[in-house]
Amino acid sequence: MKYTPYSFSKISTHNQCNRKFKYKYVDKIKVPFVYNEALLKGGAVHSILEHYPESSTHKLAPKYQHIADEFIKTHLGEKYLTQSSIREYDFGLTQDLIPTKYSDKLALFRGSIDFICTIDKILHLIDWKTGKYHEPRWQKYDQLMFYGIYFFKKYPNIDQIKISYVYIEHEDMENDIVLERQYLNIYISQLMELIQNAEIDETFNKSQTPLCNWCDYRSFCDSED
């Protein structure tokens, strides 16, 4: 395949705009760094929670420490952060969907998960979310669903995986669903379809949407129209 390894971000970029995918992953055009407060906050809070409880002593990213401190005191914070984390955050899947390391050159798809634990014999995959809460009807589960493929493949005795998006700036707000092994082929087919769409695309057409106004590649795109 031409554009491996794939990440959820790379797949999402192609799904959002073929031309942006070309600029970013085919032409590999570098764009100037733009300071983004939301991304900085998200990264800092993720780092604090990843290193919890050590972070409560070391005070990582003090500007945003209070967000994590407040979350840790909530029901969801206690529910998850009191569990022993399975520190298998980074992973890869080969083209034959064999579990491998993130850095493996044979990885077709790879990802990184914020938090993993087992509660009542159910494996939980958690994605910490900062910022605006999404109503359940608007929540997209594709990312963690695709990550679930790795765990179903690596642990054949697991029949269910709970995937959750936990909104840490909103007290006890969580959107979750349960993945089931009986539907694994459906999860795989959805992932492979998106990858194949990117692989066979030779047009790299522009998708005209309101998101164009904030695209890092807008100037390149406008020059081609």
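Residues are numbered from 1 along each chain as its sequence is written. In this predicted model, local features need pLDDT of at least 70, side-chain atom pairs count only at pLDDT 80 or more, totals for chains, interfaces and linings use all residues, and side-chain values use heavy atoms, without hydrogens or water.

**Colour by confidence.** pLDDT is the predictor's confidence in each residue, from 0 to 100. The protein chain averages 91, and 96% of the residues score at least 70. Select helix H4 (residues 54–58): confidence is lowest here, at a mean of 63. Strand E7 (residues 173–180) has the highest, at 98. Helices (H or I, at least four residues) and strands (E, at least two) are DSSP runs, numbered from the N terminus. Where pLDDT is low, the predicted coordinates should not be read in detail.

**Select Ile-116.** Strand E4 (residues 115–119) holds Ile-116. Ile-116 is buried, at 0% relative accessible area. Buried means under 20%, exposed over 50%, partly exposed in between (1.4 Å probe, protein chains only). Beyond residues up to four places away in sequence, Ile-116 touches, among others, Ser-84, Tyr-89, His-124 and Phe-151. Contact means heavy atoms within 4.5 Å. Now pick Gln-83: its C-alpha lies 9.2 Å from that of Ile-116, 33 residues apart along the chain.

**Step to His-124.** His-124 lies in strand E5 (residues 122–129). His-124 is also buried, at 4% relative accessibility. Its contacts include Tyr-80, Ile-116 and Lys-162.

**Go to helix H7.** Select residues 142–154. The 13 residues reach 19 Å from first C-alpha to last, close to the 18 Å expected at 1.5 Å a residue. That expected span is 1.5 Å times one less than the number of residues. In H7, 10 of the 13 residues are buried. Among them are Gln-143 and Phe-151.

**Open the largest pocket.** Its volume is about 1,900 Å³. Of 43 lining residues, Phe-8, Ser-9, Ser-12, Lys-129 and Gln-143 lie nearest the centre. E5 and H7 are among the elements that each supply at least two lining residues. The lining divides into 17 nonpolar, 17 polar and 9 charged. A pocket is an open set of points on a 1 Å grid over the protein atoms alone, where a 1.4 Å probe fits, with protein on both sides within 12 Å along at least five of seven lines; lining residues have an atom within 4 Å of a point.

**Finish at the second largest pocket.** Its volume is about 320 Å³. Select Gln-16, Lys-20, Leu-211, Trp-214 and Cys-215, nearest its centre among 16 lining residues.

Note on methods:
Points joined across faces, edges and corners; volume = space filled by probe spheres on them. Nonpolar A, V, L, I, M, F, W, Y, C, P; charged D, E, K, R; others polar.
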